[in-house]
Amino acid sequence: MKVFLKVWRQKNRNTPGTFKTYTSPELNENMSFLEMLDVVNEDLANNGEEPIAFDHDCREGICGTCSLVIDGKPHGPHRGVATCQTYMRSFKNGDEIVVEPFRAKAFPLIKDLVCDRKSFDRIQQVGGFITVRTGAAPDANSIPVPKENADLAMDAAQCIGCGACVAACKNASAMLFVAAKVSHLGLMPQGQPERYKRVKAMVTQMDEEGFGACTVTGSCEAVCPKEISLDFIARMNRDYAVALLKGDAKAATSGGAG
Amino acid sequence: MNLCQRIWNSSLGKKYVMALTGAALFAFVVGHLVGNLQVFGPPELINTYAHFLKSKPALLWSARLGLLVMVTLHIASAVTLSAMNKAARPEPYAGKAAYGSTAQSRYMLVSGLVILAFVLYHLAHFTVMLPGINGVGDFSKLTTTLEGHAVPDAYAMMVLGFQVWWVVLFYLVAQGLLFAHLGHGLASMFQSLGFRDHTWWPRIQCFATLASIAIFVGYAAIPLGIFTRVVGVDYAEQKKFELRDATLMPEKAPAAKEAK
């Protein structure tokens, strides 16, 4: 099979980009979308053209590095898979496929289809962790966790931080990502000590990075390769409201400061 | 103050403001509908109700002030959030609307602004009673007697006002947009405030759908009922003459003076 690619080409952040159309070489329909781009790039390189820059790493759907908005939907036409697990058999011979980078102010473009998603790392760094004792491994099951909470926390923990939620949202909102991180830790007993501090810090950082707000359109949930539910956004909203009402912790005095 | 600032300065906080003011406005919309559905009863029913509201100026004005605050906060949070949302994506995608989203959810600001324009018209129409915009005449000349007092005839204003096709059309368009706005807004309100989980979301959506349909049917029934001559047609005919006489009278007076 052969496809026509309409790809966003942009040399760097300061040069304006445009779409360019390429005809792929003969493809195997069982190639992944990224393998197809590899083949197209090889062809481009052989012809002395600059290959298309795109992000990729594990290619098995768990690292969250691959991105791409394919025909208007992040990660391509299917639900619950990342671009690396989108296969050419999902397209027809002779299709024109539009490939764009994730677009958001908080994801500044680096080159072609590669954007900088370090804003997610910064959100994680302000609160996406728990204080944990180092030392010998604790006994298994020494802290009881209700099964349903463990299941929910696992659903949230599936987030691979790819940024598709931001890419799909009409407001470029990172709420689904932040909500997943907040909920994943907030649902576990180990995450309780910093529960409200965490949600406040992460939401504040999210706002500072320049992401938009949630208008509950549901695009994020629809494109999430890990199918993370909007329910988590409600959970985050709830925790954040409690955090706001609680206010800041009392400054440490005599005993606490000692 | 600190808490207010913290709420206003965060994106989530503004969504709380939007949701809470939205809930208050929804409560008003329900109350207003119940009040105005009395038009389907005899003229005295709604006129007594209108007179009751007008006879309690303290209550009336605190309610109006409260509504004004709610509307202002609702719009202020909508406009600032929307500006923030637009700024979050400086370069748009090549085409196609946001995947998996409904048109209702994408056009909340537009539907909201048209509803605002409608509310302003509606206030000018029945509350301020600007004569030029109703296509009938001077509503403030319409009076009736209740318990020996001359009071404004709200029933006549409605049955005459909704005989004008373009007024009815504008009201219906606005109600259609309110239906769309509420269909998304009523459910999202719970989401923004954090009252949602897998059990409650389907129920919340069901509530939003049923409530927005009920509001639409109720509000559309009033102008449509009058326009299709189901309600108040005799009363309107009778009042039409009174209004014409009342409008003609002051015109006659200066003419008489000039003659002198």
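How many residues does the contact take from chain A and from chain B? The contact, defined by heavy atoms within 4.5 Å, takes 51 residues from chain A and 38 residues from chain B. The model is predicted, with local features requiring pLDDT of at least 70 and side-chain atom pairs counted only at pLDDT 80 or more, while totals for chains, interfaces and linings use all residues. Residues are numbered from 1 along each chain as its sequence is written, chains are lettered from A and ligands numbered from 1 in the order in which they are written, and side-chain values use heavy atoms, without hydrogens and water.

Between them, chain A and chain B bury about 3,500 Å², 55% of it on carbon and sulfur atoms; buried area is the accessible area (1.4 Å probe) that two parts lose on being put together, summed over both. In chain A, the most area is lost to chain B by Arg103(A), Val216(A) and Leu244(A), together 17% of what that side buries. Two salt bridges are found across this interface, a salt bridge being a side-chain nitrogen of Lys or Arg within 4 Å of a carboxyl oxygen of Asp or Glu. Asp248(A) forms a salt bridge with Arg6(B), with 3.7 Å between the closest N and O atoms.

Within chain A, the assignment, automatic or from a database, gives domain 1 (4–110) and domain 2 (117–131 + 140–246). Their centres, taken over C-alpha atoms, are separated by 28 Å. In this pairing, 22 residues of domain 1 are in contact with 22 residues of domain 2, and the two domains bury about 1,600 Å² between them, 60% of it on carbon and sulfur atoms. The count between these domains is one salt bridge.
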